[in-house]
Amino acid sequence: MSVTRYVITAVALLCSTTVPASNATWDGFASGIPGAQTGLQPTAPARPAPAPGRLAPEPAPAALLAPPAASARAPAPAQLPQGDPAAIFSLDTPGDPVAAAETSETSEPARPSGPDDRALRFYASQGDMARVAAEIRRIRLAHPGWEPPTDLFEPGRDDALERPLWALLEAERYVEIRQAVARIRAERPSWRPSHAFAAQYEERVARATIVAASEAGAHARVVQAAQAAPNVLACRNMDLLWRVGEALARTGDAARAESLYAFVLRSCPDPQERVATVQKASATLDGAAVDRLAALGAARADGAGEFDEVVYGIVMGRVGEATADPLGARADPQDLQRLSDWAARRRDGAGMEVLGWYHHVVEKDHATAAGFFREAMSYERRPKAIEGYALALRASGRVREAEEVTHEWRGADPLIEKLYVEILADQLTRPDVIDFPRDRLLRFEAAVLETENAYGAQAIGWLYYKMEDVEEARRWFTIAHDIAPDDVNTFGLALTAHELEDREAVLSLARRYGDRYPEVAEVATWTREARPAPQTRRTARRSGDVGGGAAARAVALYESGRYDAAVRALDTGGASVRRDHGLQVLRGWALYNSGNYEEARRQFARTHEQRPTRDTLYGMHFAQEKQLPTE
């Protein structure tokens, strides 16, 4: 027996070392391994640190180089490191290095025939007998009858020839390395680079290839590069592990992605990297997979799990995403229940707030939403929870409560103050509201003046106009116009000036704003006419279930006897006006009073078909009667 064979045999027999999991590499590319399982390949204890600047890879079994059972179609080639745009290659393979570097992205990486002994040779070159022994045992288990190579300890190694290659490697000049290797082997066919250098070269190229392909979104290329150099999938290369995990998930191999993330959680000790791994997994895997990964966390002294906080945030994020896209899939009921339980146990207002918005926006269950918002408010002062609570109350018909909540909390945030004004303004501009409790109105007026809210001032102006206090209406329209001279405020100002027979003010407004707002110019053409009969005005006031400037302007025009203008205002009022039953009844009466009886009859008939009421029957009857022949 040769000395080399004796040494190898002795090492294999005498060394039996178990390995801490943190030194493992992920055995996740072996064909036939169920994706939900996690393969951990034991290796020996960490070797001595390599020379500065040199990366010493940990070994991976030959099974890692086997292609997955199914792979996604490769995308367009990525922008990869100069000198190796396609595949990891073996420096022991003769041939044209440039041609080898130009291999297509979809081509198979070069693989050595027989067992992969590169890791074995690397440890032998380092003199790490423990790892040599472990690697020999591993290969023999996978390949019974295999014997270690006789040239394992590289008797022909020439460090002088190799030093320039190391310099090129540090500079990441991969094409020049291949060219240099080809030149040396042309002169000395028996020479080959050390396995330490070959291993370092392949790890450097694999790292650069995986990063470049990942940045380019070439996920199939990432998987291919990792498959060709699985030694890099170790705890020391956490960024690469995350990139490969994402690539596996993006190419449809979620089971193997989960296996990789599980490897990290079972093998890698850094707390921040472990938490980040669960977060990374949540971006590409479904909730059940993330739950399985989170279960791998350690239990703390207080009984909490290592990943409880991060999973709480993930679940909250999933519910929030469902809220942001209400037309998409609804949130998982289990997520909703877990979030509710956790938020209550932690007294966390943010979690309760997320649940409130979900039920308000997606489920349209405003009563349940109000309960969650109220709970969030009891934990902490959260303006968005207050806003959500008021909106949910209003949507569920509890407008008076919404008014009181927003008034009480209006100092918490400008949004709450704005919502208070909107809630009151909607009430004041309803066509059927012709009076309002004095104490609440004075309170609202003070808030509008304090915040200089044009919409609120406009709403107060319409209320006083309906109450026939035209002088006070003009004062509030003037306040609103001074803040925001838009079409509604300017029209209100012109209308009240006309009612007060201030012809000069009407003409001044028409000259200044008539080109922008035709309805203002039209007021200047009006003559003083009698108002509609009281019964007709009461009909107009009963009409309408929505507030806002369009409805209020239409009612004002109708009550001023400007029926054609009222029809035009309703027709330009938007979808909310077209959907409102009362305002469509008002449109029928405006057509009727303008003498357009047939169109009025059709309007009443359409509205009656949608919702039959006494007003629609009454309108159809009188419109039809007007079209009957007279004697």
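Here are a few notes on helix packing and aromatic contacts in this predicted model.

1. Ground rules first. Local features need pLDDT of at least 70 and side-chain atom pairs count only at pLDDT 80 or more, while totals for chains, interfaces and linings use all residues. Residues are numbered from 1 along each chain as its sequence is written, and side-chain values use heavy atoms, with hydrogens and water left out.

2. Start with helix H20 (residues 438-451) and helix H21 (residues 454-466), whose axes come within 9 Å and cross at roughly 145 degrees. Axes here are lines fitted to C-alpha atoms, for helices over the stretch in contact, with angles from 0 to 180 degrees between N-to-C directions. Helices are DSSP runs (H or I, at least four residues), numbered from the N terminus.

3. Phe-444 deserves a look. In H20, Phe-444 is among the residues that meet H21, where contact means heavy atoms within 4.5 Å. Phe-444 also pairs edge-to-face with Tyr-420, 6.0 Å centre to centre and 75 degrees between the planes. Rings of Phe, Tyr and Trp (its six-membered ring) pair if their centres lie within 6.5 Å; planes under 30 degrees apart count as stacked, over 60 as edge-to-face and the rest as tilted. Tyr-420 sits in helix H19 (residues 414-428), so the pair ties together parts that are 24 residues apart in sequence.

Key
Helix = DSSP H or I, 4+ residues; strand = E, 2+ residues; numbered from the N terminus.
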